[in-house]
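Hello,

Here is the structure I promised to pass on to you. Please have a look at it first, and then read on for what turned up.

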Amino acid sequence: MTSLSAEYGTTADGLMAARVGQLALIAVPCSDGQGLWIVTAAPGTKPIGQWCRADGFGFGERIADADGFRAHVDSCLEHRRQCQALVRVEVLLCATTSWGSSQRATRYAEGIIFYSTASHGGFHLDPERNAAMPDALRLPSGWYEEDIDWALVATGYPQLFTDQERCMAERSLRQWKPGAWAAFHGSPPDSNRPPG
């Protein structure tokens, strides 16, 4: 297992930036002048000092300042470290899924496989793993799509997911499947409190 660390620097156009493994992030000022957007970038192997805003391609979290940027990078670093510790295994496994033929498969644990297809993807739990899911979270088919239903799997098998993924799953369930969230936790979600 390789050791991960964060490399910080300033881009050629004076923006805060960081690299965590293959992940490249740039802090770009918001157009309203209030804070920064964290932008994912694709600078290749260039040193951070040669990156520029044009290397960015997607907006992520909005943050207040340099401390927020560092906290976000630290969170990404911890997520990647936890992923390494989980040892998810890419497997050569072709299957017909609910979304078409699989192109890639990742085994999270015996009987829990994430499939990617040309258009979508999600988890498949074998009958034993699916039966072990809490009633409030179980889908009878054993297929859990990647947009929302994955959060059921992350909640049912939290030991297979990182802290960041579990937090995202909690927010997703509260927002998109409040009935399942309430049944699992034994109480209704607080509608006055933002998710997460």
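This is a predicted model: local features need pLDDT of at least 70, side-chain atom pairs count only at pLDDT 80 or more; totals for chains, interfaces and linings use all residues.

Since we are on cysteines, here is how they pair up. A disulfide is a covalent bond between the sulfur atoms of two cysteines. With a cut-off of 2.5 Å between the sulfur atoms, the count here is zero disulfides. Cys83 is in no disulfide, and the nearest cysteine sulfur, that of Cys76, lies 11 Å away. For Cys52 the closest cysteine sulfur is the one in Cys30, and because the two are 19 Å apart, they are too far from each other for a bond. Cys52 also counts as partly exposed, with a relative accessibility of 26%.

Now to the sheet. Five strands make up an open sheet, and they follow the order β1-β2-β3-β4-β5 with antiparallel pairing. At the edges are β1 (6-10) and β5 (56-63), each of which pairs on one side only. From one strand to the next, the twist averages 25 degrees.

The loop between β4 and β5 is the place of Lys46. Lys46 has a relative accessible area of 28% and is therefore partly exposed.

Rolling a probe the size of a water molecule over the atoms shows where empty space is left. The largest pocket holds about 330 Å³ of space. It is lined by 13 residues, and the closest to its centre are Glu61, His72, Ser75, Cys76 and Gln164. Two or more lining residues come from each of β3 (23-29), β4 (36-41), β5 and α1 (66-86). Which element gives the most to this lining? That is α1, with five residues. Sorted by class, the lining of the largest pocket has six polar, five nonpolar and two charged residues.

Enjoy exploring the model, and write back with any questions.

Best wishes

Methods:
Residues are numbered from 1 along each chain as its sequence is written. Side-chain values use heavy atoms; hydrogens and water are left out. Two strands pair if DSSP finds at least two bridges between them. Helices (H or I, at least four residues) and strands (E, at least two) are DSSP runs, numbered from the N terminus. Axes are lines fitted to C-alpha atoms, for helices over the stretch in contact, and angles run from 0 to 180 degrees between N-to-C directions. On a 1 Å grid over the protein atoms alone, a cavity is a set of points where a 1.4 Å probe fits but cannot get out, and a pocket is an open set with protein on both sides within 12 Å along at least five of seven lines; lining residues have an atom within 4 Å of a point. Grid points are joined across faces, edges and corners, and a volume is the space filled by probe spheres set on the points. Ala, Val, Leu, Ile, Met, Phe, Trp, Tyr, Cys and Pro count as nonpolar, Asp, Glu, Lys and Arg as charged, and the others, Gly among them, as polar. Buried means under 20% relative accessible area, exposed over 50%, partly exposed in between (1.4 Å probe, protein chains only).
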